[in-house]
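Please keep the sequence and the model in view while reading.

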Amino acid sequence: MTTEMVMVDEVPFPPQITTTKPLSLLGHGITDIEIHFLQIKFTAIGVYLEPEVVGHLQQWKGKPGNVLAEDDNFFEALINAPVEKFLRVVVIKEIKGSQYGVQLESAVRDRLAADDKYEEEEEEALEKVVEFFQSKYFKKDSVITYHFPANSATAEIAFTTEGKEEAKIKVENANVVEMIKKWYLGGTRGVSATTISSLANTLSAELCK
């Protein structure tokens with residue numbers, strides 16, 4: 001049985017993946033930057049969630065996607081919903097892992113500091129994640145995945161690239177895990193506006209069913 005791949009900017013994403021249970025691709029997009037009118041695309045992103053997530057978002061039933069995309073409370077509820085979440089990030093433009101690590105570090109640290117949650121434990125946990133990426137080289141089509149189990153405040157980050165074995169790291173600091181989720185899923189402050197808008201539109205349609 002072949003399932004049609006979903007193309008996200010020429011990068012194929014399976015419509016469903018199975019971790020401990022089947023998760024559906026409910027949102028996708030890219031990270032990019034515009035320099036002198038040139039769009040440079042860095043990564044393609046797929047967000048996989050348990051379809052049951054809509055049960056935790058009922059109060060937004062009937063709201064159109066463009067309204068949800070601007071509603072940070074909606075994304076806060078999505079992040080906090082006790083369902084499994086899985087992010088698949090595919091490299092479009094090759095960069096050093098350390099560059100990605102620095103982006104992640106500053107995004108997570110700024111969010112923690114703003115919430116007064118940046119203590120020694122958080123600093124150490126974040127440091128380990130940055131070190132994990134430090135030695136990697138993000139060739140085109142390398143894959144970074146973030147797996148957030150339903151009922152535990154942990155994350156497993158994995159990195160695969162051509163010709164190398166998969167590398168993994170587990171993040172067990174709940175505050176750091178929360179801010180990594182917010183970096184990718186944090187509504188108007190998320191790293192990829194296209195992903196947020198895609199999630200909002202899909203979930204809006206799902207909530208109307």
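Predicted model: local features only at pLDDT ≥ 70, side-chain atom pairs only at ≥ 80, totals over all residues.

Which elements cover the buried residues of α2?

Helix α2, which spans residues 72-80, has as its buried residues Phe 74, Phe 75, Ala 77, Leu 78 and Ile 79. The cover over these buried residues includes β5 (38-49), α1 (65-69), β6 (85-91), α5 and α6 (193-208). At the start of α2, the backbone nitrogen of Asn 73 has a side-chain oxygen of Asp 71 within 3.0 Å.

## The annotated domain

According to UniProt, in an unreviewed entry, the feature "domain: Chalcone isomerase" is placed at residues 8-205.

An α-helix has 3.6 residues a turn, so residues three or four places apart point the same way.

## The loop between α3 and α4

Glu 119 has its place in the loop between α3 and α4. With a relative accessible area of 47%, Glu 119 is partly exposed. Although Glu 119 and Asn 175 are 56 residues apart in sequence, their C-alpha atoms are 9.9 Å apart in space.

Lys 117 also lies in the loop between α3 and α4, and Lys 117 is partly exposed, with a relative accessible area of 26%.

## Salt bridges

Side chains of opposite charge can pair when their charged atoms come close. With a nitrogen-to-oxygen cut-off of 4 Å, the count comes to 10 salt bridges. One of them joins Glu 178 and Lys 117, whose closest N and O atoms are 3.2 Å apart. This pair links distant parts of the chain, since Glu 178 belongs to helix α5 and Lys 117 to the loop between α3 and α4, 61 residues apart. Is Glu 178 buried or exposed? At 17% relative accessibility, Glu 178 falls in the buried class, because buried means under 20% relative accessible area.

Glu 178 also meets Lys 182 in a salt bridge, at 3.2 Å from N to O. Both of these residues lie in helix α5, where Glu 178 and Lys 182 are 4 residues apart, about one turn of the helix. Lys 182 is buried as well, with a relative accessible area of 13%. Through salt bridges that share partners, Glu 76, Lys 117, Glu 178 and Lys 182 are joined into one network. A further salt bridge links Glu 166 with Lys 168, the closest N and O atoms being 3.8 Å apart; here Glu 166 is partly exposed, at a relative accessible area of 46%, and Lys 168 is partly exposed, at 48% relative accessibility.

## Two buried threonines

Thr 145 is placed in strand β9 and is buried, with a relative accessible area of 14%. Leaving aside residues up to four places away in sequence, Thr 145 touches Phe 86, Leu 87, Arg 88, Glu 156, Ile 157 and Ala 158.

Thr 161 lies in the loop between β10 and β11, and Thr 161 is buried, with a relative accessible area of 12%. Again leaving aside residues up to four places away in sequence, Thr 161 touches Tyr 137, Lys 139 and Ser 142. With Ser 142, the side chain of Thr 161 forms a side-chain to side-chain polar contact of 2.9 Å.

How values were computed
Residues numbered from 1 in each chain as written. Heavy atoms only, no water. UniProt positions renumbered as here; feature names shortened; annotations may be inferred. Buried < 20%, exposed > 50% of the residue type's maximum accessible area, 1.4 Å probe, protein only. Contact = heavy atoms within 4.5 Å. Polar contact = N/O pair within 3.5 Å; in protein donor to acceptor, adjacent residues only side chain to side chain. Salt bridge = Lys/Arg side-chain N within 4 Å of Asp/Glu carboxyl O.
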